[in-house]
Amino acid sequence: MAAPSGRRNGGGAASLWPVLLLAAMGLRLAEAVSEPTTVAFDVRPGGVVHSFTQSVGPGDKYTCVFTYASQGGTNEKWQMSLGTSEDHQHFTCTIWRPQGKSYLYFTQFKAEVRGAEIEYGMAYSKAAFERESDVPLKNEEFEVTKTAVSHRPGAFKAELSKLVIVAKASHSEL
């Protein structure tokens, strides 16, 4: 799993603990989400950069923006699900292809949040479908910053089917 610091552990048992902790945190937060909103949209090939944006929370406090370019095939139906924790301090954004694996060749992607800082972010080459599980991208294929999960040019292998972000409300100066 990727950490917002951009640093990656080399593997082994020592790196498993942070992975399990982040996964548990993400699951715990996902369970406490109130009023989730799911919106369908088309991912369109053609090599042109496209964006899809949705907001959620009181006064649309949080925004998730998915920007991408892809090649091959025809339009695919994707979904973006947004939710906030009951105290509105955490925000989740999940972008995925409900049919599992995408057949498009992505030349770039970026999932960006506004109004929050990312605590957990992950990208997948294949989304869970029927009896199959999510297949994460390799750590070197993408990066997670405080506000975005995006491809790494030259390392990303063009397969994308799902993005997951859990973010915490940005602190504002009083």
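Q: Is Asp-42 buried, partly exposed or exposed, and what is its relative accessible area?
A: First, a heads-up: this is a predicted model, where local features need pLDDT of at least 70, side-chain atom pairs count only at pLDDT 80 or more, and totals for chains, interfaces and linings use all residues. Residues are numbered from 1 along each chain as its sequence is written, and side-chain values use heavy atoms, leaving out hydrogens and water. Buried means under 20% relative accessible area, exposed over 50%, and partly exposed in between (1.4 Å probe, protein chains only). Asp-42 is partly exposed, and its relative accessible area is 30%.

Q: Which residue forms a salt bridge with Asp-42?
A: A salt bridge puts a side-chain nitrogen of Lys or Arg within 4 Å of a carboxyl oxygen of Asp or Glu. Here the closest N and O atoms are 3.1 Å apart, and the partner of Asp-42 is Lys-77.

Q: Which strands hold Lys-77 and Asp-42?
A: Strands (E, at least two residues) are DSSP runs, numbered from the N terminus. The two residues sit 35 residues apart, linking distant parts of the chain, with Lys-77 in S4 and Asp-42 in S1.

Q: Why does Glu-76 count as buried?
A: Glu-76 forms a salt bridge with Arg-97, with the closest N and O atoms 3.4 Å apart. Glu-76 counts as buried because its relative accessibility is 5%.

Q: How many bridges join strand S3 to strand S6?
A: Two strands pair if DSSP finds at least two bridges between them. S3 (residues 62–71) and S6 (residues 105–114) run antiparallel, and the number of bridges joining them is 9.

How values were computed: Helices (H or I, at least four residues) and strands (E, at least two) are DSSP runs, numbered from the N terminus.
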